[in-house]
Amino acid sequence: MSRSWVDISVTIKSGMVHWPGDPKIQIKQILSIAKGATANVSRISMGTHTGTHMDAPFHSFPKGKGIDVIPLDAAVGKARVIEIYDRESIKVEELKRCHIRSGERILFKTQNSRRCWKTDSFVKDFVYISAEAAKFLAARRIKCLGVDYFSVGGFFKDGEATHHELLKADIWIIEGLNLSRVKPGEYELICLPLKLFHGDGAPARAMVRSWTNRK
């Protein structure tokens with residue numbers, strides 16, 4: 001199996017899809033070599049939960065930890081990609097068959113990866129983690145959790161409840177992954193968010209490579 005890195009983050013660009021109500025994304029060049037400047041410089045305007053990003057406990061709790069104090073190994077190290085077949089939500093019944101262990105880093109691959117990132121329109125009926133499944137994962141005391149669209153919780157249901165269950169259990173959340181090129185299995189994960197002072201979240205670059213035959 002190849003040991004090449006696979007980029008599982010989405011590209012940030014002006015006008016890209018974002019969570020309804022969050023700031024729109026704009027990248028504008030303000031200095032241009034072509035116009036006589038000595039360098040190209042751009043200005044970025046976007047929310048902290050743009051594209052591939054991580055949530056900190058401060059996202060849901062007024063006194064929660066900020067993204068700047070995330071443990072460096074929270075989203076760096078061995079991770080397991082689990083494919084979810086339920087087309088509505090991630091439920092306890094399916095998770096029970098996955099034998100999830102304490103301290104694991106788990107990335108959930110759903111139909112979101114192949115479906116939702118094909119459009120710049122927000123997809124409201126994405127696959128999310130049910131509140132009951134969030135409680136199940138919190139009880140397993142996993143270290144980090146990744147999902148392949150904008151939120152661990154649903155747009156219509158369980159949005160706040162799912163976030164609260166996971167973040168109060170000190171589970172660091174990665175949202176906005178694209179796992180369409182990744183098969184289920186064990187991987188080496190690197191995902192590091194921007195170090196924003198007491199940030200509620202921050203954009204991140206995420207990548208994986210096979211854990212098999214690791215050197």
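Colleague: How many aromatic pairs does the structure hold?

Modeller: This predicted model holds 12 aromatic pairs, a pair being two rings of Phe, Tyr or Trp (its six-membered ring) with centres within 6.5 Å.

Colleague: Why is the pair of Phe122 and Phe155 called tilted?

Modeller: Their ring centres are 5.5 Å apart and their planes stand at 55°; planes under 30 degrees apart count as stacked and over 60 as edge-to-face, with the rest tilted, so this pair is tilted. The pair links distant parts of the chain, with Phe122 in the loop between α2 (112-115) and β8, and Phe155, 33 residues apart from it, in the loop between β9 and α4. Residues are numbered from 1 along each chain as its sequence is written, and side-chain values use heavy atoms, without hydrogens and water. Local features need pLDDT of at least 70 and side-chain atom pairs 80 or more, while totals for chains, interfaces and linings use all residues.

Colleague: What makes Phe122 buried, but Phe155 partly exposed?

Modeller: Buried means under 20% relative accessible area, exposed over 50%, and partly exposed in between (1.4 Å probe, protein chains only). Phe122, at 18%, is therefore buried, whereas Phe155, at 28%, is partly exposed.

Colleague: And how do you know that Glu104 is buried?

Modeller: Its relative accessible area is 11%, so Glu104 is buried.

Colleague: What makes the approach of Glu104 to Arg80 a polar contact?

Modeller: The side chains of Glu104 and Arg80 are joined at 2.9 Å, and a polar contact is a pair of N or O atoms within 3.5 Å; within protein, one must be able to donate a hydrogen and the other to accept it, and residues adjacent in sequence count only if both atoms are side-chain atoms. The side chain of Glu104 also reaches the backbone nitrogen of Arg101, at 2.8 Å.

Notes: Helices (H or I, at least four residues) and strands (E, at least two) are DSSP runs, numbered from the N terminus.
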